[in-house]
Amino acid sequence: YENVVKRFIGEISKYEKIYTDRLHVAIIAYLLGKKLNFYANSYFKNESVYLYSMKNRENISFFDTF
């Protein structure tokens, strides 16, 4: 699994800005300091994580719809 994770992180690191409604992608982008457009999903999880740990970051924007 380690190789898969490294490739996954490597793929995200290629981009300056990430657009996603997938929480695992948003977390990696957040940890890498990427510009992030983070979108709500069909339940409250994405918004909850954003409000709890990402909302004060200048490089992260949250949107209610994709």
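Modeller: Gladly! Helices (H or I, at least four residues) and strands (E, at least two) are DSSP runs, numbered from the N terminus. With that in hand, α2 is followed by Gly 33, whose phi is positive, near 75°. The model is predicted, so local features need pLDDT of at least 70 and side-chain atom pairs count only at pLDDT 80 or more, while totals for chains, interfaces and linings use all residues. Residues are numbered from 1 along each chain as its sequence is written, and side-chain values use heavy atoms, leaving out hydrogens and water.

Biologist: What makes Leu 32 partly exposed?

Modeller: Buried means under 20% relative accessible area, exposed over 50%, and partly exposed in between (1.4 Å probe, protein chains only). Leu 32 has a relative accessible area of 38%, so it is partly exposed. This residue lies in helix α2 (residues 23-32).

Biologist: Which residues of α2 are buried?

Modeller: They are Leu 23, Val 25, Ala 26, Ile 28 and Ala 29. These buried residues pack against α1, β1, β2 and α3 (45-54), where contact means heavy atoms within 4.5 Å.

Biologist: Why is the pairing of Glu 2 with Lys 6 called a salt bridge?

Modeller: A salt bridge is a side-chain nitrogen of Lys or Arg within 4 Å of a carboxyl oxygen of Asp or Glu. For Glu 2 and Lys 6, the closest N and O atoms are 3.1 Å apart, so the pair meets the rule. The two residues are 4 apart in helix α1, which means about one helical turn separates them. Both Glu 2 and Lys 6 are exposed.

Biologist: How many salt bridges does this rule give?

Modeller: The count comes to 3. Another of them joins the side chains of Glu 11 and Lys 14, at 3.0 Å from N to O. Glu 11 has 36% relative accessibility and therefore counts as partly exposed, whereas Lys 14, at 59%, is exposed.

Biologist: Where in the chain do Glu 16 and Lys 35 sit?

Modeller: Their side chains meet in a salt bridge at 3.3 Å, N to O. The pair links distant parts of the chain, 19 residues apart: Glu 16 is in the loop between α1 and β1 (17-20), and Lys 35 is in strand β2 (residues 35-39). Glu 16 has a relative accessible area of 59%, so it is exposed; Lys 35, at 41%, is partly exposed.
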